[in-house]
Amino acid sequence: QFLSDRRVVELPRWLWALILNGVILNVRPRKSAEKYASIWTPDGSPLLVNTRLQAEALAARLAQDGQAGVVVDFAMRYGQPSVESVIGRLRAQGVDQLLVIPLYPQYAASSSAAALDKVFAVLQQQRNQMSVRTISRFYDDAGYIKAMKQHIEAYWAAHGRSSKLMLSFHGIPQAGHDQGDPYPEECRHTAKLLAAALGLAEADYLVSFQSRFGKAKWVGPSTQDLFDTLPKQGTTSLDRSEERRVGK
């Protein structure tokens with residue numbers, strides 16, 4: 001589902017079909033399965049477990065604030081619970097107005113747009129269509145910045161503080177940025193706001209992008225490359241805060 005999404009891979013379909021079926025699906029599944037097995041929990045994937053807890057916590061908070069009538073649910077763009085099944089469940093509960101929030105703070109066509117595309121595709125199948133609003137990004141939201149700040153400060157309190165903080169974001173191909181994705185700028189803006197909240201000077205932190213795939217140029221600087229160059233530049237200790245784009 002993920003690697004067949006036209007938002008994720010924008011190569012010509014015939015070319016990508018050859019690469020996907022001839023190379024990737026014959027090599028990557030075993031390696032990926034081993035890595036996933038190392039982080040799996042008795043209750044399932046960490047992504048599923050933590051997203052469910054997040055939805056339950058939000059529902060409890062809304063009820064506490066007098067909004068008990070708001071139904072909170074979650075779906076995965078790829079995998080289960082699917083967007084189709086969750087929208088169907090909400091419809092059966094009498095929900096006729098949706099507020100959809102892809103859980104990607106910074107917007108990219110391959111993440112936020114892919115999630116919203118799926119929601120709109122499901123709604124297209126409804127005869128009596130639900131009303132829908134969307135929040136496509138929240139990279140500069142004060143609550144989001146505060147939560148990140150608290151997470152990092154809690155880590156520092158428990159483990160001490162290194163000489164530099166690396167804020168590592170999932171990367172996107174440079175071609176996507178050239179075609180209009182604001183993602184790298186939004187990541188850097190998030191980093192600037194977070195650094196200010198933490199009281200960091202410009203020299204105390206850096207922004208990088210991880211998870212390159214294939215031979216095409218990706219936005220940089222690369223997290224992997226910085227691991228090689230930073231020690232040569234005198235960095236002796238490093239804290240890394242990682243933000244990954246996942247299929248929520």
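Modeller: Let's begin with contact, which means heavy atoms within 4.5 Å. This is a predicted model, where local features need pLDDT of at least 70, side-chain atom pairs count only at pLDDT 80 or more, and totals for chains, interfaces and linings use all residues. Residues are numbered from 1 along each chain as its sequence is written, and side-chain values use heavy atoms, without hydrogens and water.

Biologist: What makes H8 a helix, and which strands does helix H8 lie across?

Modeller: Helices are DSSP runs of H or I with at least four residues, strands are E runs of at least two, and both are numbered from the N terminus. H8 covers residues 223-232, so the run qualifies as a helix. Helix H8 lies across E3, E4 and E5, at about 135° to E4. Such angles run from 0 to 180 degrees between N-to-C directions, with axes fitted to C-alpha atoms, for helices over the stretch in contact.

Biologist: How do you know that E3 and E5 pair?

Modeller: Pairing takes at least two bridges found by DSSP. Strand E3 (residues 164-170) and E5 have six bridges in the parallel sense, so they count as paired. Lys-164 stands opposite Leu-238 in E5.

Biologist: Why are E4 and E5 called edge strands?

Modeller: The open, parallel sheet has the order E4-E3-E5. Strands E4 (205-210) and E5 (238-243) each pair on one side only, and are the edge strands. From one strand to the next, the twist averages 25°.

Biologist: What does helix H5 touch?

Modeller: Helix H5 (residues 142-159) packs on the sheet, touching E3 and E5, and its direction makes about 145° with that of E5.
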